[in-house]
Amino acid sequence: AINLSGMRYLKELILEVDLSERSCRYLASAITKIPSSLLCLRLEGCSFENATALAIFAQGMKRSYTISTFVLTKCHLTDDDFKNLIPNLPTSVRVLDLTDNFCRSEVITSIGPTLRSLNLTNQHPEELGGSLDISLVARTIEYNQTLQELDLSFNLLTSGDVCDLIDALEENTTLESLNLMNNQLDDSAMLHIGKLLPQMKGLRYLNITANRFGDHGADALFRGLLRNYQLTRLEMPRGFDAQNKINYLVALNQGGRRLVKADDILVPLGIWPLVLERVNMLSDKEMARSVRASVLFFLLREGTAMIDCK
């Protein structure tokens with residue numbers, strides 16, 4: 001039995017047990033009796049006894065108004081399970097982590113207007129006989145104005161899948177972080193990403209490590225970054241011919257290249273010392289010392305030219 005009586009100040013609850021109907025009744029009762037304090041609920045490796053147990057838990061979640069982070073990993077849940085659970089999530093949930101389940105589409109269609117972060121890492125596409133329905137993901141996020149982080153790593157996504165998703169980011173301006181690590185993206189995917197990078201206004205972080213593209217794809221990313229001023233973190237495989245040029249452009253973005261290149265920004269003269277100070281204060285881990293010096297030189301040269309011409 002799950003007994004949380006007296007724990008009115010509990011902030012985080014972590015369970016790693018199988019959940020029977022009885023346990024779910026206790027859990028549903030508990031999370032509604034401590035609504036003023038419980039912020040994070042983590043169910044890790046929990047198997048629900050049957051559909052009834054899941055339904056009982058879902059009704060309990062529906063009556064919780066403070067849980068902002070809900071982690072449901074390795075729970076062997078399928079689309080049919082999510083169909084009952086996701087619509088009952090409280091609007092307070094901002095972070096939803098469903099790593100290591102068996103979702104294809106149901107979670108995606110049920111993305112609420114308050115969700116900020118969605119983790120769909122490893123939905124076992126090899127066992128489902130296919131990957132996530134990325135065309136549905138693309139249609140869902142194209143005009144979504146709230147989701148900021150999306151993790152689709154380890155899902156055997158193809159270049160065709162990702163092209164649909166990247167097309168959606170031309171319209172979406174709120175998604176800041178996209179993780180495509182360990183999929184099956186080849187040069188054609190990088191060509192498409194590079195082509196559309198200049199139009200992406202919201203994306204700040206992109207992870208494309210452990211994919212299948214080569215120098216041709218890396219060159220396309222470099223060309224796209226020449227006119228993209230938003231992307232400040234790019235994680236990708238090493239050893240490409242264009243690697244140093246890519247790293248430099250990302251560092252320029254991190255340092256504030258948008259301030260001197262974007263047409264929609266006019267920086268007051270008094271702000272420049274703060275911009276330069278911020279770059280200079282970055283640690284060696286955040287930006288190598290030699291790169292930092294190059295970024296400072298670029299900002300001083302380009303910033304001064306912009307100020308003089310105005």
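View 1. C40 lies in strand 2 (residues 40–44); helices (H or I, at least four residues) and strands (E, at least two) are DSSP runs, numbered from the N terminus. Because its relative accessibility is 11%, C40 counts as buried, where buried means under 20% relative accessible area, exposed over 50% and partly exposed in between, with a 1.4 Å probe and protein chains only. C40 and E12 are 28 residues apart along the chain, yet their C-alpha atoms are separated by 4.6 Å. Residues are numbered from 1 along each chain as its sequence is written, and side-chain values use heavy atoms, with hydrogens and water left out. As the model is predicted, local features need pLDDT of at least 70 and side-chain atom pairs count only at pLDDT 80 or more, whereas totals for chains, interfaces and linings use all residues.

**View 2. The contact of helix 1 with helix 2.** The axes of helix 1 (residues 21–33) and helix 2 come within 8 Å and cross at roughly 5 degrees; axes are lines fitted to C-alpha atoms, for helices over the stretch in contact, and angles run from 0 to 180 degrees between N-to-C directions. That crossing makes helix 1 roughly parallel to helix 2, on a scale in which angles under 35 degrees count as roughly parallel, over 145 as roughly antiparallel, 65 to 115 as roughly perpendicular and the rest as oblique. From helix 1, E21, C24, R25, L27, A28, I31 and T32 meet T52, A53, I56, F57, G60 and M61 of helix 2. The residues of this contact of helix 1 with helix 2 divide into 8 nonpolar, 3 polar and 2 charged, with Ala, Val, Leu, Ile, Met, Phe, Trp, Tyr, Cys and Pro counted as nonpolar, Asp, Glu, Lys and Arg as charged, and the others, Gly among them, as polar.

**View 3. The largest nonpolar core and the surroundings of I246.** The largest nonpolar core has 91 residues, and those with the most contacts inside it are L43, F57, F70, L180 and I246; such a core is a set of buried Ala, Val, Leu, Ile, Met, Phe, Trp, Tyr and Cys residues joined through side-chain atoms within 4.5 Å. Helix 2 (residues 51–62) gives the most to this core, with 6 residues. Leaving out residues up to four places away in sequence, I246 touches A218, L221, F222, L225, L234 and M236.

**View 4. Helix 7 with helix 6.** The axes of helix 6 (residues 134–141) and helix 7 come within 8 Å and cross at roughly 5 degrees, and that makes helix 6 roughly parallel to helix 7. Helix 6 makes the contact through I134, S135, V137, A138 and I141, and helix 7 through D161, D164, L165 and A168. By class, the residues of the contact of helix 6 with helix 7 divide into 6 nonpolar, 1 polar and 2 charged.

**View 5. Helix 7 with helix 8, and the cover of helix 8.** Helix 7 (residues 159–168) and helix 8 (residues 187–196) have axes that come within 9 Å and cross at roughly 10 degrees, which makes helix 7 roughly parallel to helix 8. In this contact, S159, V162, C163, I166 and D167 of helix 7 meet S188, A189, H192, I193 and L196 of helix 8. The residues of the contact of helix 7 with helix 8 divide into 6 nonpolar, 3 polar and 1 charged. The buried residues of helix 8 are A189, M190, H192, I193, G194 and L196, and what covers them includes helix 7, strand 8 (205–207) and helix 9 (215–225).

View 6. H76, in the loop between strand 3 (69–73) and helix 3 (79–85), has a positive phi of about 60 degrees although it is not a glycine. N122, in the loop between strand 5 (117–119) and helix 5 (125–128), is a residue other than glycine whose phi is also positive, near 50 degrees. R238 lies in the loop between strand 9 (233–235) and helix 10 (243–255) and, at 61% relative accessibility, counts as exposed. Apart from its neighbours within four places in sequence, R238 is in contact with Q243 and N247.

How values were computed: Contact means heavy atoms within 4.5 Å.
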